[in-house]
Amino acid sequence: MAKKLMKGCEAVAEAAIQAGCHFFFGYPITPQNDIPEYMAARLPKVGGCFLQAESEVAAINMVYGAAASGARVMTSSSSPGVSLKQEGMSYLAGAELPCVVVNMVRGGPGLGSIQPSQGDYFQATRGGGHGDYHPIVLAPSSVQEAVDMMQDAFDLADVYRTPVMILADGIIGQMMEPVEFHESTSKRELPKKDWAATGWSPASGRPRAVVNSLYIEVDELQEMNDRLQARYKIIRETEAKAETYNTDGAEIIVCAYGTVARICKSAIAICEKKGVKVGLVRPITVWPFPEKQLKEVMDQPSVKKAITVEISAGQMVEDVRLTVNGAKPVEFFGKPGSYTPTAEEIAEYIMKSREA
Amino acid sequence: MQTVFKKTPVLTDAILHYCPGCGHGIVHRLVAEVIEELGIQDRTVAYVPVGCAVFGYKYFNVDSVEAAHGRAPAAATGTKRTDPNRVVFTYQGDGDLASIGAAEIVHAAHRGEKITTIFINNAIYGMTGGQMAPTTLVGQKTTTSPYGRDENHCGKPIRIAEMLATIEGSAYIERVAVNTPANIVKAKKAIKNAFECQLAGKGFSLVEVLSNCPTNWGMSPVESMEWLEKNMIPYYPLGVKKDITKEV
Amino acid sequence: MLWTNIFAGFGGQGVLLIGQLLAYAGMYEDKNVSWLPSYGPEMRGGTANCSVVVSDEPIASPVLSMADCVIAMNTPSLDKFESCVNPGGKLFINSSIIEKKATRTDIEVFYVPCNEIAEQLGNPKVANMAMLGAYLEATKAAKTESVLDALLYKLGEKKAHLIPLNREAIEKGAESIKK
């Protein structure tokens, strides 16, 4: 198929449709409006349904209902809107419902800005709502990668019966890059959704469906939580993904995700010219965090330290520190809000840090 | 032996957890009987609330979904929109619907969402222990209005049926009560009308059911029914507030 | 080959469009491309801009703080972005409405009378295409034909009659900087 030049938001929407998602419930917020707009135009043409909800709270609950009835469904928003969705995210996790939520992160806290940011890392990877849960969180760093991960995002959601979040930023959403849509086919064996509330009678040949996150008895709630944790264990062991770049024999390892990881690649080139070998570990899944991949790279004798670069006050750096576990120094470079560091600034920090 | 009464199969055999004399049990039965009579059990999905009816999924013998507090109309929308052939109803109390879920119910009506809502108004939060609801009457004592509801402090009670009837997307809105056998018969008819409205694809339908809460009102069941008659019905007049189903 | 570019001007001058056309053209020529618009507050003060990268290699950062080429269609854009040209890079100034001269001496500067060219062609809207013509001439970052293919895609067949005019604008812009 020929390449198309597409905005990240539109490409994500198209990829979702091609992955079989025919239902979208959302609410306008910058910088992700191209997603609901694209869905509003396209879904009626494929026999699906786009609905603009009265709020992000309603939108995520519509997603909850559609998922409860077994549909492939998604919503998208940006940081303040995603905060509003956290109630629903917790219920989706508790009721073990699959769905995809896209967060085109903008600066915060509060109304913040509409510029790119990575300040929602904690919210995304730690669960965000109440209770012991994690969504699976995928962090694309190009429009093509965002497109390529949509099919698997829905498949992961179905296999593990969990919400999956695409954690991107305004740059990924607003940038145009060439994309290729490959025939979207599932690489996983998808379980039957025989738990879905679709209508039942004693003749239905299955138990009556009850979609629920209420377990009033201590033992029952424990059982549900054990089930979730057992699933999370499998996810941690099998689904963590990272890109490693230029890491062989590197002196310093930069750890960054999303757009920032690409800026780091430019910074690495600048350092290379100055004779300093810097490698990059780019988590593609930020939950589960790719501990094994990072640890392997950090264990190389040539590596002296890690530097985490983020558009935040330092969030993912905590996962990097937990992974490195004191074996080597871990530094942080970045600013909170929505200041995107330049390649030159990152390179300068790396060079200075090396001398220190 | 001749069978003179049979429980509807649309209620499970689970024992209701409601307090003695509570109206929820009556309304559960009415809804279940209507579903049976309309022959729609196999395509009905129930949305139950957070509140006293939180365990509704144990009683309604249909596929059921537990929604977050107040969000049932939004979640029900998700189920309805993914397959319009389904019959979807929400069962909500006054805290759930009239307070925290006010936006969701208004916009479900506004969209003309083809769902049915059974709204239990007993003028109090039951499950959490008798706090003031938006529907608590002026002067009524609750645990959070211990000196009686003061309208200057927190306004006068909200009339949901009348409010929703003003919304274009509403197709059938009626207020009923379950305090007397005659009213219970009328309530069942209203519930049936509401489901038929959904089946005909006319738009949003809601039945507000005035019910009692002997426990939190601090009354015997009989006293509570009398209190309902004397205090609630004058403020919340019964009757059809909107019906476009008869229009050609 | 790697060209990093910032296209800047005020809203309505079509800077986002010519940036996009360059990205499309690069894609048609099997290069790696990215087009990143400024959005939100950056548009205040009369400037809209986009960062465009065209490269044989996969693109590392699509976010540019410095660029090989800066295209300034109005004075605020020149003020904002002159310092962002890489040493040895190229600065394109719309001399029809920018009265200032560049202050940098370590870069190559092209003065393109975009609006005059467009007016001579009878359509003030193609000033941006004249600028793009000058850019293509100086950089050879993409072929004129690829750019026109991209324009046809954007315009649609119904507006295909506008292609010759745009071709002319590109050519005149290119001529204007030939020594």
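Select B:Ile120 and B:Val209: B:Ile120 stands opposite B:Val209, which lies in β6(B). This is a predicted model, and the tour starts from that pair.

Next, colour strand β4, residues 116-121 of chain B, together with β6(B). The two strands run parallel and are joined by six bridges. Now show strand β5, residues 170-177 of chain B; β5(B) is parallel to β6(B), with seven bridges between them.

How many of its residues are buried? Seven of the seven are. Show the side chains to see both faces of the strand. On one side are B:Phe204, B:Leu206, B:Glu208 and B:Leu210, on the other B:Ser205, B:Val207 and B:Val209, and all of them are buried.

Zoom out to the chains. There are two pairs of chains in contact, and the pair sharing the most contacts is A and B. Chains B and C do not touch, and their nearest C-alpha atoms are 30 Å apart.

Finish at the contact between chains A and C. Select 22 residues of chain A and 17 residues of chain C to display it. On the chain C side, α1 (15-28) and β2 (32-37) each supply at least two residues. The largest share, five residues, comes from β2(C). The chain C residues that touch chain A comprise twelve nonpolar and five polar, with no charged residue among them.

Definitions and conventions:
Residues are numbered from 1 along each chain as its sequence is written. Chains are lettered from A and ligands numbered from 1 in the order in which they are written. This is a predicted model: local features need pLDDT of at least 70, side-chain atom pairs count only at pLDDT 80 or more; totals for chains, interfaces and linings use all residues. Two residues are in contact if their C-beta atoms, placed from the backbone, lie within 7 Å. Helices (H or I, at least four residues) and strands (E, at least two) are DSSP runs, numbered from the N terminus. Ala, Val, Leu, Ile, Met, Phe, Trp, Tyr, Cys and Pro count as nonpolar, Asp, Glu, Lys and Arg as charged, and the others, Gly among them, as polar. A residue is buried if 20 or more other C-beta atoms lie within 10 Å of its own, exposed if 12 or fewer, and partly exposed in between; C-beta atoms are placed from the backbone. Two strands pair if DSSP finds at least two bridges between them.
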